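Work through the exercises below with the model open. Try each task before reading its solution.

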Amino acid sequence: MLGLLLRVLPFWVREPLLIVVGTVFGARITYLAVHDQDRVAAVIGAVFLVFTAIRVRLVVRALRARRNPVPAASADGAPTDAVARAWAQAQLAAPAPAPAGAGLPPGPVTAGKEPNPWGQAVAAVAVFAAIAAAVWLGPDVLPADNDTSTSRAASCSDTEDEELPAVYGKAPRPVTGAELCEALNRPDLARLLGTPTETATSASGTSNTAALTDGKVAQPEAEVRFDTYTVNLSATYNELSTAQYVNLLKIAGTEGEKDLRTLTVLGRPALLSSDPTMKIEISLGDEGSSGPVQQGPLARTLSVALDSKDRGGSYDITVWSESGALPDDGVLLGIAEKILPTIPLRSVR
């Protein structure tokens, strides 16, 4: 099918398309080859680029021949092979002249207007450039095949009427639990977690304040539950920087227990750590008794500073499951890179 289309397309449409295809795929494959140090991909990318260079040279020759329709002759009067081929290609792109007198009124015959090769080329390149951009950026821009309208089954609407503590009215105004819930409850969150077929069973957000601060430190949070994983997103607006928190953990000697890993996310200092969740059993029987607080399954948390200068406070993304299984750290990084840029900027000091 592709070969048939290439044969029937006019020269000034086909060749620009081939040039765009070769450039896009050649550059993309070469970039990936350099990034992954893949020699085979580098050779494939080079083949695409060489193919593109040949097509560019052919178009340049055809343009020159079109400006001078009569092919240049050699010393013995015969056209040179290279110029003759370019001239022939240009002639194929031009419309065939109508027979003399066919359908024309008596009088002087005026030549029909030829299609503008530059117009055809620009139009073809513009159309295919849009397709190439969609292919190049598709994984980041377009939704995945398994993203459906039901992948965001749970709603955050029940958090919008929450009465906010006084600290949420101060400047700079902290982000609310409802806003965090909207940022976290993405249609592609299940895919980011590695469970694309699941849908959210619940989504909630609360505009809390940090404990022991007399309501002076905002600490909103949001939570989205799936059958496999639960994801919690919170923001803390205190004066403790990420670097200070790491030093405290080192002084306390809990660095090994928490499996700490420092890194940079979106240009901000960040920290990966592990902590067990808390499990509380409450009996709904006549006596209303409850069991002791126990350790629940292990949770993995990515803490990212509110700003690149690490002046205090952080966003915390925590993932855990009832089975105790955890996704790898790359999953938390992918969630952070998608979610944090969507949080209202006024929440960053």
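**Exercise 1. Contacts of T230**

Task: Find which residues T230 touches, leaving out those up to four places away in sequence.

Solution: The model is predicted. Start from T230 itself, which lies in strand β3. Contact here means heavy atoms within 4.5 Å. Beyond the excluded neighbours, T230 touches E223, V224 and R225, and also T318, V319 and W320. Now place those partners. Strand β2 covers 218-225 and strand β7 covers 314-320.

**Exercise 2. Buried or exposed?**

Task: Decide whether T230 counts as buried or exposed.

Solution: Take the cut-off first: buried means under 20% relative accessible area. T230 has 6% relative accessibility, so T230 counts as buried. Then look at the whole chain. Of its 349 residues, 37% count as buried.

**Exercise 3. Sequence distance and space**

Task: State how far apart T230 and S202 are, in sequence and in space.

Solution: In sequence, T230 and S202 are 28 residues apart. In space, their C-alpha atoms are 9.6 Å apart. Next, turn to contacts across the chain. Take those between residues at least 6 apart in sequence: 62% of them join residues at least 24 apart.

**Exercise 4. The sides of α8**

Solution: Locate the helix: α8 runs over residues 242-252. T242, V246 and L249 are buried there. Now check the face turned away from the buried side of α8: it carries the exposed residues I251 and A252. Finish just after the helix, where G253 takes a positive phi of about 75°.

**Exercise 5. The largest pocket**

Task: Describe the largest pocket by its space and its lining.

Solution: Begin with volume: about 550 Å³ of space lies in the largest pocket. Count the lining next: 23 residues line it, and the closest to its centre are T236, Y245, S303, S314 and D316. Sort the lining by type: 5 residues are nonpolar, 14 polar and 4 charged. Last, trace the lining to its elements. Helix α8 and strands β1, β2, β3, β5, β6 and β7 each supply at least two residues.

**Exercise 6. The whole chain**

Task: Find how many helices and strands the chain has.

Solution: Count 9 helices and 7 strands.

Definitions and conventions. Residues are numbered from 1 along each chain as its sequence is written. This is a predicted model: local features need pLDDT of at least 70, side-chain atom pairs count only at pLDDT 80 or more; totals for chains, interfaces and linings use all residues. Side-chain values use heavy atoms; hydrogens and water are left out. Buried means under 20% relative accessible area, exposed over 50%, partly exposed in between (1.4 Å probe, protein chains only). Helices (H or I, at least four residues) and strands (E, at least two) are DSSP runs, numbered from the N terminus. On a 1 Å grid over the protein atoms alone, a cavity is a set of points where a 1.4 Å probe fits but cannot get out, and a pocket is an open set with protein on both sides within 12 Å along at least five of seven lines; lining residues have an atom within 4 Å of a point. Grid points are joined across faces, edges and corners, and a volume is the space filled by probe spheres set on the points. Ala, Val, Leu, Ile, Met, Phe, Trp, Tyr, Cys and Pro count as nonpolar, Asp, Glu, Lys and Arg as charged, and the others, Gly among them, as polar.
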